[in-house]
Amino acid sequence: MQIPLLADWSEASLAQAFAALTAEADSAPPPRTEEERENFRLHWLGRKQGRLKLVSEAWLKSAPNEAKRELGKRFNLLKEHILARLEDLPAGGLEPAAASFAAAGEAAIDVTLPGTRKRPGAEHPLIKTMNEIVAVFEAMGYSIGIGPEVETDYYNFESLNFPPNHPARDTQDTLVIAGQETKPLRERLLMRTHTSPVQMRTMERQPPPVRIVIPGKVHRNDAADATHSPIFHQVEGLCVDDNITFSDLKGTLDHAMKALFGSSVKTRFFPSFFPFTEPSADVQISCIFCGGAGCKKCKQSGWIELLGCGMVDPAVFAFAAREQPAYDPSRISGFAFGMGVERIAMMKYGITDIGQFYSGDMRFLEQFL
Amino acid sequence: MKVLSNWLRSYLPGLTAGDRELAEALTLRGIAVEGIFDLGPGNGHLFEMDITTNRVDAMNHYGIAREAAAIYGLPLAPLAAAGFAAGNSPSAKPPIEVRMEAPDLCGRFTARVLKNVQIQPSTGEVRERFALLEQKPISNAVDATNYVTLAIGHPTHAFDLDKVEGAIVLRRARQGEKLKTLDGVERVLDPEDLVVADERKALALAGVMGGWETMIAPETKNVLVEAAWFDPLSIRRSSKRHGLHTDASHRFERGADFNAPPLASAFVSQLLLLAGGGVEGGLVDVIVPAAAARTAGRPRIALRHREVRRILGATEDGRGVDWESSRRLLQALGCGLEEAGSDAYSVSLPSWRLDLEREIDLIEEIARVYGYDRFANTLPVFSGAVVSPPDRAKQAEVRRGLLALGWSEAVSSSFCSAADAAVFAPQPGTAVAMGNPLSEEAGMLRPSLLPGMLAMLANNLNRNVSDVQLFEIGTCFSGAPARVNERPALALGLSGASDAGPHLPLRAFDFYDIKGAVEEILDRFAAGPVFFEPFSGAAGLAPSWLHPLRSARVVAAGETVACFGELPPAEAQQRKLRQAVFVGEVYLDRLYRLPLRHPIARELSRYQAVRRDFSFVFPTAVRWQQIAEAIGGLDIADLAGFAPREIFRGGRAQKAEAKAAAGLPAGHYSILIGVAFQSPSRTLRDEELQSYSQSIVAALEAIGGKQRA
């Protein structure tokens, strides 16, 4: 809008002209947003095209000297009025500038598109589970023991109190290495059927006290089905000292199960039989899915069988004592335990086919990212 | 094993607990009831039992009832067969002669002769209980022996006496001797098999299975009832040798009750005579004293109270297992206890519990029947040190590095086929064969992880999963029957393309992706200079599983630590891999000999780094390694680093014109090398930078490079 020319420099004419300008300023609605306020400011006070600048150029410059004083006074009043309007904010302040997606054009991005990421690889659920179990026992003072996957009959069976030709050997169908027939039985090589041989190897190397946890791969000559595999993984443990009791075994495993599955988990111990422990026990934990009320996963029993354990059989200590006389069963005692990693991982992650662990199927593995 | 609750109750007149409660109590004491099935009104329940292999005494109704009696502190009904005196009756003339010619294999043999019996279907309790157990009835004679096994656990056998010629002889089989067993199979016996024979022929494979010829038939009139005790090891060997696992062998090989034969014989006879007939003469009972001494007559053992407490520890009630409980529980199980001082008992062992031999066995029995649930949960104190295997940290580093780069972890079979073993064994002829392989494809111990890796790659591609990036850390085997060596190894398998998305284009994996993984691993070790060498000339030929021109071996600290590259097309085709596949093996045993790299911080320069790019054209024969050595060899103190930034080869598909247009003569490639200079102590002057640049240009020209304008 053009600045009108003044008819004359009389006070009345000045008053009328400035009243019109004030009315014009007042006719604009009060600013509600930062944007509106800024527009209003630029409209009136902008350095180059602001209305006041134009007024100053149109009127002040050409005014005769006698009118300048009155003109300046009225000009300043108008400016104060405009400034006051700028300060006159609605209650609650101004809304921030609403960047219109369309108006912003190319500068705007679609924040809802997926981000760019370099996906890490997935840990294998078995190795992950095995590491978790090991970590629980490490925190309880257990060192990690490892040993060969191809073992002698002596370490896998005989020294663990599986005498030659004993029916207990039937429970662990064994895969044997070819060409062993000419050797004495105890020297024959086989795929270890459990990680327990590492217990004997450790005791032979190291006098008590011993606390070890043994993760590893084991093999049995079993037919594969949804829950059995000839290849599987175990974590075993051994604790020997001069004062270890059956109640220590119970307490240790109860603590470990709580650490692994949550503090509300309960444990239950049943008599069982393993040649290398006596007394022996099977351990059940209260079902981690239903809390013990009974569900499909625990076959409505409220309990899940998880591991085997027991007090180390004196006969096993006697074998160890051949190398380390400190394993005198009348002076020391200890417990051992073992669990299948597949079973625990299947339960934890809801895996129904054990074969998937060994398939390398990316679709299976990527679930564990 | 199936068990009837009502049958158990017949031995437990005082039992008030319900069937489910009884099952729970038994299970908590290790006599596991796996399933409970309601048999309808008045019939009680059928228990599906899982009896551990050491508890042959509990593989029958009476044995389980004995456990229940011990648990509830109830009396157990005594076993007796009215009208049958135990042992030899001196007055009666033996009805048949028994000659013991193998006293080491047969510890006791009883024979009873029944005359004029009627072979017919079983009746009464036998028939009812068999029906509830879903046990198929055969005839009253056969059913009687089975019934007694179910009742008291002692296997017996009935022979058609009229087919027996002369005396009964317990002897080893003769070389080449044949016997047709009840299953209709004619078997060639081994001289170590114990047979029940007559004077002319073998009648039965003792303790395992009876013979065809003396089988009870509908017309059988006279019966010989055998109840014996056989040496467990002998039975086990015969059973294994002939692949015959029977209810009888299962029990004998675990150690039957030496004192049971007369009673078992009496029960069988009693049942059979229900249909008519009578006993002739007394029971012939031949006992081998040495066997009796090893079993029923084995010496008493000492049980010390302090040993009970030392092993078992704290109970929930805080008092520990008391001495009185120990005594009561053991007596209920059939032990005889005599005080031997204030802290010990002298304990006689029941003949049916050959698994009890030592003090610890008694302690286990005390804990078991006392109830594991009544022991406290305590934690032992410990004062040792915690150590890790030396390679554990290194393996964790390797694994961490690969996971971070996007490689997923796999676990594969420890076995492979003989064909794969031949291809992948690092040294020919060192693969180890299995004696009883799971299958033909699993005939060898894996000499390398690669057969498994390729199987997993194929597995994915066959299921239309085309992007695969896998690693496996595992054990590889080599050696001979005398000795098998194990080494840790890492396999890498790669195919397809990297993650793509709306912001990044799809990029096919190539050689440099697998090389990147190898570099990442090596970077974590203080490996010193590492060389990636192509397989050619001095480095020798590529293994058959690597493309000869697109593969490398990695040498660090003077040893080959890895081989990797593209699978050759022929190998890929044979495995039906329809796209390019990259594989590699890292010999972790060698890598683990190197220490992990330990970073040492250096002072960061406060002065600006200056970057200069050098654009060169080289003949194809000049490799980056030479370029790097040429620049590195200048020993410019202020050289902060250099790297290839862009390489243009034109590519195989690129036309000669395009190459020419790019100013690239045939047989050449262009490369842009970025170099950074930086001094730790001052700002570099223009003349210095000028001189560094000139020396680099000269060095690159010396190896055949031509700087581009």
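I looked up strand S9 (residues 333–340) of chain A and found seven of its eight residues buried, so S9 is largely enclosed by the rest of the structure. I count a residue as buried if 20 or more other C-beta atoms lie within 10 Å of its own, as exposed if 12 or fewer do, and as partly exposed in between, with C-beta atoms placed from the backbone. Strands (E, at least two residues) and helices (H or I, at least four) are DSSP runs, numbered from the N terminus.

I note that this is a predicted model, in which local features need pLDDT of at least 70 and side-chain atom pairs count only at pLDDT 80 or more, while totals for chains, interfaces and linings use all residues. Residues are numbered from 1 along each chain as its sequence is written, and chains are lettered from A and ligands numbered from 1 in the order in which they are written.

**Partners of S9**

I checked which strands pair with S9(A); two strands pair if DSSP finds at least two bridges between them. S5(A) runs antiparallel to S9(A) and is joined to it by eight bridges. Strand S8 (residues 303–312) of chain A also pairs with S9(A) in the antiparallel sense, over five bridges. I then looked up A:Phe335 in S9(A): it is the bridge partner of A:Cys239, and it is also the bridge partner of A:Met311.

**Chain A as a whole**

I list twelve helices and nine strands for chain A. Its radius of gyration, taken over C-alpha atoms, is 43 Å, well over the 21 Å that the globule rule gives for 369 residues, so chain A is more spread out than a compact globule. The rule is 2.2 Å times the number of residues to the power 0.38. The C-alpha trace of chain A spans about 130 × 45 × 40 Å along its principal axes. I find that buried residues make up 40% of the 369 residues in chain A.

**Where chain A meets chain B**

I looked up the contact between the chains, where two residues are in contact if their C-beta atoms, placed from the backbone, lie within 7 Å. The contact takes 74 residues from chain A and 74 residues from chain B. H9(A) gives the most to the side of chain A that touches chain B, with eight residues. I sorted this side by class and have 36 nonpolar, 21 polar and 17 charged residues. Here Ala, Val, Leu, Ile, Met, Phe, Trp, Tyr, Cys and Pro count as nonpolar, Asp, Glu, Lys and Arg as charged, and the others, Gly among them, as polar.
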